[in-house]
Structures are given as C-alpha cells and as structure tokens.
Amino acid sequence: MRIRSVLAALALTGAALAAAPAAAAAPVSAGSDVTPFATKITHAQATSMFQAVGITWSSSGGCSNRNVSTCTSFDQLNLETAQGAQTLKRASGCALNITGGTETGHASGTYSHWNGYKLDYGLNTCINSYITNSFTYIGNRSDGAAQYRSGSGNIYAREGNHWDVTYYNCGGC
C-alpha cells in the first residue's frame, strides 16, 4: 500500500512539473504580483541584435542610462522582446526606430517597459500600414490608444507619436 501512495504522489508531481512551463508562459492577469520568468539581456546585447537586422534607436537625451527618463535604454530587456523586434522588422520589411526601452518614466505594471516587456517605435507609413493591415484590431485602451493583436498575441497600441508594443513572446522567431 505504501508503494502505491508513493507512486501516486510521484505521478501528481510529474504532472504538475509538466504543466509548469505552460503556466509560466501564459500571460499573468493585470494587477498580479507574479512576474513570469524571462531571460534578461544587456543594452549591448540588445543593440547588437537590433543592428543585425537594421533596427535603429534614438533618445531625446542622447543617452542609454536606464535611470534617466530622457534616455533610451535596453538594460534588462527581455530576450524575447528583442527577438520580437527582430521578427517585426523581418516580417514587415519596414524601417523601425526604437524610441523607448526599459528606461524609467513609463507606466508601471507587470508587462511594463521597466520589466523588459515593451518597446516604443516611431511612426512611419510602412509600419503603421503593416500593423493595422496585418493584425487584429481589438479596441481602444482606457487611454484611447487603438490596439492591435498579432497572431502570436503581442499587443500593438498606437499612442500619440509612437507604437507602444507589449511582447509576451518573440512573435514566432
């Protein structure tokens, strides 16, 4: 009888472990204190990835210090966010200029710039058309920004002068 109990416990543990990666990959509800596991990269690693596919970036302050709001920093960016930018560039063929990364000064939350899930892109005719024609319109955010969801689940919100993109994954990299 004792062996059967041990085997049952092991089976339950195995099932829980098998389900854990799927649960970790699922989006966490708004307001949750749980931040999913993400591989963080440095500013230098991100810029190398962006340069490799022709993505540019700019900073109103001409700097990359994560703790200065006028800088554009990629320190602590999620690897999948950088890969998502590469996927967008390759799929769209459009010029992409990143205007916001992980620097302070953006809205807080689990899926925030600071936590490495978001990038801002400058507007241009090509990328505007690609996003609005390729992705599904899902309504406006509470701040009025029109939102579009890609097939992989990433969210593109058109804020005044840029696209605010939330990367839950790499977009099919």
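A disulfide is a pair of cysteine sulfur atoms within 2.5 Å. This is a predicted model, in which local features need pLDDT of at least 70 and side-chain atom pairs count only at pLDDT 80 or more, while totals for chains, interfaces and linings use all residues. Residues are numbered from 1 along each chain as its sequence is written, and side-chain values use heavy atoms, with hydrogens and water left out.

**View 1. The protein chain as a whole.** The protein chain holds four helices and nine strands, where helices (H or I, at least four residues) and strands (E, at least two) are DSSP runs numbered from the N terminus. Read from the N terminus on, these elements follow the order α-β-α-β-β-α-β-β-α-β-β-β-β. Of the 173 residues, 40% count as buried; buried stands for under 20% relative accessible area, exposed for over 50%, and partly exposed for values in between (1.4 Å probe, protein chains only). Among contacts (heavy atoms within 4.5 Å) between residues at least 6 apart in sequence, 58% join residues at least 24 apart.

**View 2. The disulfide of cysteine 63 and cysteine 71.** The sulfur atoms of cysteine 63 and cysteine 71 are joined with an S to S distance of 1.9 Å. This disulfide is left-handed because the torsion about its S-S bond is about -100°. Cysteine 63 counts as partly exposed at 25% relative accessibility, whereas cysteine 71 is buried, with a relative accessible area of 2%.

**View 3. The disulfide of cysteine 94 and cysteine 126.** Here cysteine 94 is joined to cysteine 126, with an S to S distance of 2.0 Å, and the link is left-handed, with -70° about the S-S bond. Cysteine 94 lies in the loop between helix H3 (79–92) and strand E4 (97–100), and cysteine 126 lies in helix H4 (residues 125–134), so the pair ties together parts that are 32 residues apart in sequence. Cysteine 94 is buried, with a relative accessible area of 1%, while cysteine 126 counts as partly exposed at 37% relative accessibility.

**View 4. The disulfide of cysteine 170 and cysteine 173.** The sulfur atoms of cysteine 170 and cysteine 173 are 2.1 Å apart and form a disulfide, which is left-handed, with -85° about the S-S bond. Cysteine 170 is buried, with a relative accessible area of 10%, whereas cysteine 173 counts as exposed at 57% relative accessibility. A search of the whole structure finds three disulfides, and with bonded cysteines counted along the chain, the disulfides of the protein chain follow the pattern 1-2, 3-4, 5-6.
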